Amino acid sequence: MKPNAYSQRLLESLEVFEQQMQSRKLADEPKSVAQQVLQWTKGQPLLTKSLLDLLLKSETKIARGEEAVQVEKIIRNCLIKNFKQDSLTLGIRKNLYIKNLIRLSNKNDGEFSNREQNYLNNLQKELGLSQQQSNSIREQYLPAFKQGKLNKLSLENSATIIDQDAPEPKGAKSYQDLIVLLENSPFYQELNATNISNSPSHKQSFNPFKLLKFKSLWLVPALLFLVFIVKKFPRPANVSTVTKTSMEPASNSCALNLVNFQSPRLSLGERLLTNNQQNNYLNPKSKTALYAATASFSKCNYSLAQQRFEQALTISKNNPEIRIYSNNAQAMTQEHLKIAVSVPLGNKPAVAWEILRGVAQAQTELNQQGGIDGKLLVVQIVNDNNNPELVRELAQHLADDYSIMAVIGHGDSKTSLAAAAIYQKKGLVMVSPTSSSSSLSGVGSYIMRTTPSVAVLAETLSSYALDSSLKKVAICQDSSDTASASFAKEFGADIEDNGGKIAGIACDFAQEDFNPVSVMEAAVAQDAEALLLAASVRGINQAISLAQANQNRLPLLGSHKFHTYETLKTGQAAMADMVLSVPWLPEIDSSSKFNQDATELWGEQVGWSTAMSYDATQVIIQGLAQASSRQELQAILTSRDFAVAGATGKFQFRQGDRLGGAILAYIGKPAPDSPGYQFLQLKGDRNQQSVK
């Protein structure tokens, strides 16, 4: 059968795709990737072309044997997002719903718990299906399943439902043969109905969910396609095969994994959340092992997943996401406790990793010691992109998942405030390691933080400025960030209350037309004696540009948000001698167990965000040692005699705020001939430092 014009263009697209994947080394088996695409799109030209383009744009290396997993990830994360309300993807969205329905039905013969029912309801919304559409799928599928008319499918199977009694047909030998088979399938006719309905060969409409009743119309092409896959692309001998002997026993752990499929932003280990295009943070050599590990985890083969995560760690030692997943894989094989950590992995991977390192270190220590009463700790990672609207949605999901005992997060004050009301209402403890805004103080009895409040940090820095005779200070802040605005307000009030002045300049890092040169000219014209940079995480680059425009004319003061290695890497000489107040400095506790263990674990020195997230995790761990519910945990953490042994020694809370002061640091070189700058402890005059 000769392909028509549509299939000819599709054939050309497939061949071009295969060549590009091969030349750019994006897949071990490009043809296997293409056949997975066709399995989902059933050869619909526009849909197939769109999915092929998304796979090329993702720049993700697809390892042999992981084609199905990676194609489905692109479909869920990208394709459906772009075409969610488009009837073109309706067949795919329905198949995804069927696939997950099968996953749950395999577990309990079509009967669902409240948690599983909630998962299906959320999945329906994610896929853009109406209630009527989801009900129709259930009505046509579940009765057949319960009556034993359909096979129970394993987690590895595709969304295509295949009857075991159908005869085995001859296989297709090329893309062209496969396209001909697909064009004869009812799925292709329905998918094409919206954009080639005038074509004589595609006028007939067809409901794909009548397939269960009309097996003769679809079983032959479906099985032809299956045989084509098996015969044309046999599994290589060097790829580990999951067998009954290597598979972990089925348990309620697998049911917990199913909850995560409702969002690509959550993972226990079944997907990688760090942006794969950020090669500075994800070693490309570890990608193959990582994708194999996540695939094994999603199939509940935890032993094999842990082996592969550990293999990836030998290449990317300082990757905390991998370490957490490896710990999770070990913990999932037995009774465990579960918490979550929410960080901006998608757009601020460096910031997110600093927080995750503290969580991973505390989790590793606990699990190596045998856990809490034999229960190991599982950590669910959440990627919230520091987006308040997204955070609210994710916080609601975490609060509704009663297997989660507490949350560490969020990455900044704005997102922590967005989530706080939800956690408070649902009775879920949130411990933020990096949110310092004054607005967070007393916001709720379930809300705590391990970093000192802005009031403490700002007062420490303002006292230094006044003691150094810097009595007139120009202030730059980020009006879009509550922590930045709080810091600037507290600092300014302290300066004026103690006889100093604030220079009258307009400086806002959030302004689109921010001009560092104009700001510096205004500060100098106002006879400012120092310049405070109260930046947010998002505004650090603008603040660094202002420091460069300063050209060392005014002494620089900075908030704790500058205490990142991004500042040292980008700012360098322009930021030299800047004084800032921070919650913790590794130099002070260089001989402490936490600091030594951190250096050994990650192969590098860690910053205050890591220390504070370690403390936040220890808060929850030490609370869980005495609590068996969310309410008990909150009661223990808020008791006046509760003290935590953390990275920085023992500390306590009052109304959710950590008691204790801040430390003054400056950016300098530990020795005159040192190649780079570091954060050093300030002792007396910063120009006369005694170097350790």
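How far apart should the ends of helix 3 be at 1.5 Å a residue, and how far apart are its end C-alpha atoms? The 14 residues of helix 3 (residues 45-58) should span 20 Å, and the end C-alpha atoms are 20 Å apart, which agrees. The expected span here is 1.5 Å times one less than the number of residues.

## What you're looking at

This is a predicted model, where local features need pLDDT of at least 70, side-chain atom pairs count only at pLDDT 80 or more, and totals for chains, interfaces and linings use all residues. Residues are numbered from 1 along each chain as its sequence is written, and side-chain values use heavy atoms, with hydrogens and water left out.

## The big picture

The protein has 25 helices and 17 strands. Both are DSSP runs numbered from the N terminus: helices are H or I with at least four residues, strands are E with at least two. Of its 692 residues, 58% are buried. Buried means under 20% relative accessible area, exposed means over 50%, and partly exposed is in between, using a 1.4 Å probe and protein chains only.

Now for contacts, meaning heavy atoms within 4.5 Å. Among those with a separation of 6 or more, 70% join residues 24 or more positions apart.

Among the buried ones are Pro45, Leu47, Leu51, Leu52 and Ser58. Just after the helix comes Glu59, with a positive phi of about 55°.

## Two nonpolar cores

A nonpolar core is a set of buried Ala, Val, Leu, Ile, Met, Phe, Trp, Tyr and Cys residues joined through side-chain atoms within 4.5 Å. The largest one here has 70 residues, and Val341 and Ile381 have the most contacts inside it. Helix 24 gives the most to this core, with 9 residues. Setting aside neighbours within four places in sequence, Ile381 touches residues including Leu266, Leu273, Ile324, Val341 and Leu356.

There's also a second, separate core of 40 residues, with Met21, Ala27, Leu52 and Tyr119 among them. Leu52 is also one of the buried residues of helix 3.

## Salt bridges

A salt bridge is a side-chain nitrogen of Lys or Arg within 4 Å of a carboxyl oxygen of Asp or Glu. By that rule there are 14 of them. In one, Glu72 pairs with Lys99, with the closest N and O atoms 2.4 Å apart. Glu72 sits in helix 4 (residues 67-82) and Lys99 in helix 5 (residues 90-108), so the pair ties together parts that are 27 residues apart in sequence. Both Glu72 and Lys99 are buried.

Another joins Glu335 and Lys375, at 3.6 Å from N to O. Glu335 is in the loop between helix 14 and strand 2, Lys375 is in the loop between helix 15 and strand 3, and the two are 40 residues apart. Glu335 is exposed because its relative accessibility is 55%, while Lys375, at 28%, is partly exposed. Then there's Glu604 with Arg357, whose closest N and O atoms are 3.9 Å apart. This pair links parts 247 residues apart: Glu604 in the loop between helix 23 and helix 24, and Arg357 in helix 15. Glu604 is partly exposed at 32%, whereas Arg357 is buried at 8%.
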